[in-house]
Amino acid sequence: MSKRPPNHPLISIIVPFHNRAAYLRRTLLSIFKQAYHPVELILIDNNSTDDSMVVSESLISAAPFPTKITKASKQGASAARNEGVKLAQGKYLFFFDSDDEMSEDFLSDALPFLEGNDIVAAPTKMIFANGASRCRKIYPNASVTDQILTGMLSTQGMIIRKAFFIDAGGWNEDLPKWNDWELGVRLLLHRPRIHWLSKSYHKIYQHEDSLTGPSLAKTIRQIMPAINAVSQLSLSSKEQQALEARKVILAAELAKEGKQDEATQLYKGQLKWLYLYTKTIHKGAWWLYRSFHKLFH
């Protein structure tokens with residue numbers, strides 16, 4: 001085992017998995033290629049019923065750094081991540097999903113900015129089922145309003161100082177979807193020192209059984225706990241308005257998918273122009289609201 005380079009803090013990479021035997025090899029091999037060290041890898045088997053544990057155990061012997069693997073005591077990705085934090089020895093935490101591919105230079109590129117910051121963040125690259133790819137459009141800042149509108153802080157896109165993460169409350173274990181969106185809001189409400197990298201990193205695969213889900217209509221009931229959790233936070237009037245706009249956009253998307261009953265529960269007649277725009281055109285709705293809001297407020 002190589003000695004720790006001077007001024008290189010230990011980073012804990014935490015990866016929960018549930019029935020990911022088909023993807024884990026790709027994910028783990030990409031993590032093993034990290035140029036940065038020292039790191040430790042913490043794998044949490046979230047009660048898999050397939051061969052995920054077998055695949056993991058067959059690969060970790062080839063890991064170029066310390067690796068821990070354990071079984072989660074509670075179901076859910078957020079609960080598994082929190083269990084990983086309890087095992088983590090690193091000063092910084094990096095959470096990664098078990099069906100994606102990590103860029104080998106991300107941690108190294110973040111190194112110069114770790115000291116003196118609570119979060120080092122970056123855009124990610126989406127890979128779709130047809131092979132097309134797209135870098136996520138984000139606004140690299142520390143605005144709670146922008147996090148509510150765009151979800152710019154996402155699971156694989158941020159390295160977080162462990163002490164700051166714990167102070168912010170960790171992962172909300174009651175949220176089956178959009179848990180990183182909600183976490184991002186709480187992190188930013190704690191006013192972090194944050195640095196954004198300009199390059200896009202990782203390959204975030206979109207598929208039928210990915211955590212993002214196949215469609216809004218099929219996942220809205222799992223998304224609503226995150227919406228409700230954010231509504232209970234101490235938001236400014238501007239941030240509350242952004243949350244209402246996010247609800248309107250969701251409602252219009254649901255109506256467009258034929259789920260009018262679900263749309264009605266979210267849309268109460270506010271921001272009618274945004275609702276109609278999203279329902280008829282859809283593309284760029286959050287960007288349009290953001291632009292108008294900044295122009296007239």
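Visitor: Which residue meets K74 in a salt bridge?

Guide: This is a predicted model, in which local features need pLDDT of at least 70 and side-chain atom pairs count only at pLDDT 80 or more, while totals for chains, interfaces and linings use all residues. Residues are numbered from 1 along each chain as its sequence is written, and side-chain values use heavy atoms, with hydrogens and water left out. A salt bridge requires a side-chain nitrogen of Lys or Arg within 4 Å of a carboxyl oxygen of Asp or Glu, and at 2.9 Å, N to O, the partner of K74 is E173.

Visitor: How many residues apart are K74 and E173?

Guide: Helices (H or I, at least four residues) and strands (E, at least two) are DSSP runs, numbered from the N terminus. K74 lies in the loop between β3 (67–71) and α3 (77–87), whereas E173 lies in the loop between α6 (162–167) and α7 (179–189). The pair therefore links distant parts of the chain, with K74 partly exposed at a relative accessible area of 40% and E173 partly exposed at 31%. The separation of the two is 99 residues.

Visitor: Over the ring of which residue does the charged end of R290 sit?

Guide: R290 forms a salt bridge with D146, the closest N and O atoms being 2.7 Å apart, and since R290 lies in helix α12 (residues 285–296) and D146 in helix α5 (residues 144–150), the pair ties together parts that are 144 residues apart in sequence. Both R290 and D146 are buried. A charge sits over a ring if NZ of Lys or CZ of Arg is within 6 Å of the ring centre and within 35 degrees of the ring normal, and the charged end of R290, 3.4 Å from the ring centre, sits over Y139.

Visitor: What is the angle between the planes of F94 and F106?

Guide: Rings of Phe, Tyr and Trp (its six-membered ring) pair if their centres lie within 6.5 Å, planes under 30 degrees apart counting as stacked, over 60 as edge-to-face and the rest as tilted; by this rule the count comes to 10 aromatic pairs. F94 and F106 form a tilted pair, 5.1 Å centre to centre, which links F94 in strand β4 (residues 92–95) with F106 in helix α4 (residues 106–114). Both are buried, and the angle between their planes is 50°.

Visitor: Which residue in β10 stands opposite M126?

Guide: Three strands form an open sheet of mixed pairing, in the order β7-β6-β10, where two strands pair if DSSP finds at least two bridges between them. Because β7 (133–135) and β10 (201–205) stand at the edges with a single partner strand each, one side of each is left without a neighbour in the sheet. Strand β6 (residues 124–127) pairs with β10 in the parallel sense over four bridges, and the residue in β10 opposite M126 is I204.

Conventions. Buried means under 20% relative accessible area, exposed over 50%, partly exposed in between (1.4 Å probe, protein chains only).
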